[in-house]
Amino acid sequence: MGVAAGPIRVVVAKPGLDGHDRGAKVIARALRDAGMEVIYTGLHQTPEQIVDTAIQEDADAIGLSILSGAHNTLFAAVIELLKEREASDIKVFGGGIIPEADIPPLKEKGVAEIFTPGATTASIVDWVRANVRQPAASG
């Protein structure tokens with residue numbers, strides 16, 4: 001995972017009970033329009049489903065969108081499952097309604113980046129291009 005040539009592959013997921021997916025669909029389309037392969041999982045995904053999809057799809061990254069306030073629990077669960085499945089080379093980034101105070105602890109747990117409301121699609125695309133697969137690109 002994460003060392004294949006070709007387009008960057010990103011799983012975009014809506015974990016938990018959050019029922020609003022407009023932002024996730026906008027990000028999925030922006031990544032796709034930027035030449036990436038995007039797998040959108042749809043609403044109400046469990047961390048297990050998200051990690052399974054990422055591994056099956058040989059994803060380079062997982063983008064999580066959370067508006068429900070369950071970001072601390074759900075992001076941590078995805079990170080932990082990736083470690084358990086020996087797939088921690090898959091970068092996890094996310095966005096949504098996430099208080100500034102919660103961002104440093106999420107990054108300490110292994111979330112690579114957090115995008116809050118107001119982040120542009122261009123800034124997200126640029127971040128993915130600059131940060132996904134970077135360690136493998138030199139070898």
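Which strands does helix 3 lie across? To find out, select residues 71-84, which make up helix 3. In this predicted model, helix 3 lies across strand 3, strand 4 (91-96) and strand 5, and runs at about 165° to strand 3.

Five of them form an open sheet in the order 2-1-3-4-5, and the pairing is parallel. Select residues 37-40 for strand 2 and residues 113-115 for strand 5: these are the edge strands, and each pairs on one side only. From one strand to the next, the twist averages 20°. As a general point, strands of a sheet pair through backbone hydrogen bonds, in either a parallel or an antiparallel manner.

Which residue of strand 3 is the bridge partner of A13? Selecting L64 shows the partner of A13 in strand 3.

**Second stop: the aromatic rings**

The structure holds three aromatic pairs. In general, such a pair is described by the distance of the ring centres and the angle of the planes.

Select F93 and F115 and show their side chains. Their rings form an edge-to-face pair, 6.3 Å centre to centre, with 90° between the planes. Because F93 lies in strand 4 and F115 in strand 5, the pair ties together parts that are 22 residues apart in sequence. Are F93 and F115 buried or exposed? Both residues are buried.

F115 and W127 are both buried. With the three residues displayed together, one sees a cluster: ring pairs link F93, F115 and W127.

Finally, select residues 22-33, which form helix 1, together with helix 5. How do the two helices meet? Their axes come within 10 Å and cross at roughly 55°, which means that helix 1 is oblique to helix 5. The crossing of helix 1 past helix 5 is right-handed.

Which residues make the contact? On helix 1, select V26, I27, A30 and L31. On helix 5, select T121, I124, V125 and V128.

Notes: Residues numbered from 1 in each chain as written. Predicted model: local features only at pLDDT ≥ 70, side-chain atom pairs only at ≥ 80, totals over all residues. Heavy atoms only, no water. Pairing = 2+ DSSP bridges. Helix = DSSP H or I, 4+ residues; strand = E, 2+ residues; numbered from the N terminus. Axes fitted to C-alpha atoms, helices over the stretch in contact; angles between N-to-C directions. Contact = heavy atoms within 4.5 Å. Phe/Tyr/Trp six-rings, centres within 6.5 Å; stacked < 30°, edge-to-face > 60°. Buried < 20%, exposed > 50% of the residue type's maximum accessible area, 1.4 Å probe, protein only. Parallel < 35°, antiparallel > 145°, perpendicular 65-115°, else oblique. Left-handed = near helix turned anticlockwise from the far one by under 90°.
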